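The following report describes one protein chain for a reader who is new to structural analysis. Please keep the sequence and the model in view while reading.

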Amino acid sequence: MSSPSFSALSPLARRLSRRLPARPSRALRTATQRAGWRVWLSAAMLTAGLQMPAAAAPADSATAGASTPALEAYEAGLDARARGDIRAAALHFEQALMYDPDFAGAWYDYGLALCDLGDPAGCNNLLTAAVSRFGLPPALQAGRQSLIAHAGELRLGIGASSNLSRSTSVTDLTLLLDGLPVTATLDPRFRQRGGGFTEAGLRWESRWPLHDIETRLDLTARRPFSSAPPDFLAGYGELGVGIRPRTRVGVLALGVDEDYLGAITAVGGWAEHRFAPQGMAVRAAFERRHPRGQAGWNTARLIARIPVGGDTALQAGYEYDFAQRERAGRAQQRLLLDLRSGFSLPEIAGRIPRLTLGAGVLHARDRDAYSPLFGDVRSRRTRWQASADLSVNINRDWRVNLGVLAARQRANIGLFDYKEASATLSLIYLFQ
């Protein structure tokens, strides 16, 4: 349900601006045969500080000069998209088209930005018109492929946390043995431990916008500096297909492994409907979850994402784990509220920082008593958390991000009572 920063089709301007060969490539020669694509290539070569050959440059193109309002707006859109401000990027791409309706690159990037903002119908209309008007991008023409957009990021970070395993700080627990209270010392492996860590992550998304098909993959790994706390590995993947305007269905798979703390996998399906372009969206999912070494159970989930401002959204969710006899508490229900807001800060030294603030609460309640060791107590826990992420793009390929998080979970069973504070500094490479 989150609206990830899905980058548009890799603009030819970015590719050519890195390095232009002395002799034009086949794709470049093919592209210059189409009037619409010549405008895009002209902008690309101007970005690289070069001029279009006289035979290929359209005489009436507004982009034939050293700098044009259309090109400046398009470049501003690329910068906004690189820092994750998709709404601003869409406005800049739209502005570029207003200056120059024959700017093919702006057509495609504006269309894909609408997909990112939750308007697949608008996206499809723009891209269909662009393909009809300019043809497929040169890189796709030779293989006769469908229009496809890839994006992602590779993240490497270093950080510190006061509670690497989100464990309790208590050292002793009072248990009931045959109805008699007994004090037991908690294994140090399951108590709060802080320290530094390294982290790596990969996010990859592919989209076929003309067919409303999207795939997504997220991988995260964390290794503490000390060998005592557990490693953390997590992965999530999904495939979604549009079956009607603003309605999509798909499948998902996820896995989490925390070493000796346990592991769990899940597979399932989902359906999502958006009530208006860039408006409220609701997703329902049904999963089969299977912890390592235990019997599995079914989980149903309903999540609503409600925009409450330009770059602010409220997410509300409900989850229910169906009863499983071997599981502590048998069944569990969870309620979630999460509010996130993004801001583009004032420009500093030629760069525009991006700040994202978040706050959320999660409440979980078991249906039955958790364990005879705790009497007839049914587990209840509430987690509050606040986060902030400040990112600055070095250029359109590289980003630096500082993330901080503070969380507190209160529970009526001391085993689940904990608090946490962490900070992570990451270097991110953007695939666009």
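## Two residues with positive phi

D212 lies in the loop that links β4 (195-208) to β5 (213-224); helices (H or I, at least four residues) and strands (E, at least two) are DSSP runs, numbered from the N terminus. Although D212 is not a glycine, its phi is positive, at about 55°. This is a predicted model, in which local features need pLDDT of at least 70 and side-chain atom pairs count only at pLDDT 80 or more, while totals for chains, interfaces and linings use all residues. Residues are numbered from 1 along each chain as its sequence is written, and side-chain values use heavy atoms, with hydrogens and water left out.

Q278 also has a positive phi, of about 60°, and is not a glycine. Its place is the loop between β8 (263-274) and β9 (281-291). With 29% relative accessibility, Q278 counts as partly exposed; buried means under 20% relative accessible area, exposed over 50%, and partly exposed in between (1.4 Å probe, protein chains only).

## The chain as a whole

The chain contains eight helices and 16 strands. It has 432 residues, of which 44% count as buried. Among contacts (heavy atoms within 4.5 Å) between residues at least 6 apart in sequence, 56% join residues at least 24 apart.

A151 belongs to strand β1 (residues 149-161) and is buried, at 1% relative accessible area.

## The disulfide

How many disulfides are counted in this model? The count is one, where a disulfide is a pair of cysteine sulfur atoms within 2.5 Å. A disulfide is a covalent bond between the sulfur atoms of two cysteines. Here C115 is joined to C123, with an S to S distance of 2.1 Å.

The torsion about the S-S bond of C115 and C123 is about -85°, so this disulfide is left-handed. C115 is buried, with a relative accessible area of 13%, and C123 is buried as well, with a value of 0%.

## Helix α6 and its neighbours

Helix α6 (residues 104-116) and helix α7 (residues 120-134) have axes that come within 7 Å and cross at roughly 160°. Axes are lines fitted to C-alpha atoms, for helices over the stretch in contact, and angles run from 0 to 180 degrees between N-to-C directions. α6 and α7 are therefore roughly antiparallel; angles under 35 degrees count as roughly parallel, over 145 as roughly antiparallel, 65 to 115 as roughly perpendicular and the rest as oblique. The residues in contact include W107, L114 and C115 of α6 and C123, L126 and F134 of α7. By type, the contact comprises 14 nonpolar residues, two polar and one charged; Ala, Val, Leu, Ile, Met, Phe, Trp, Tyr, Cys and Pro count as nonpolar, Asp, Glu, Lys and Arg as charged, and the others, Gly among them, as polar.

Helix α4 (residues 69-82) packs with α6 at an angle of about 30°, their axes being 11 Å apart. α4 and α6 are therefore roughly parallel. Their contact is formed by Y74, L78 and R81 of α4 with G105, A106 and D109 of α6. These residues divide into three nonpolar, one polar and two charged.
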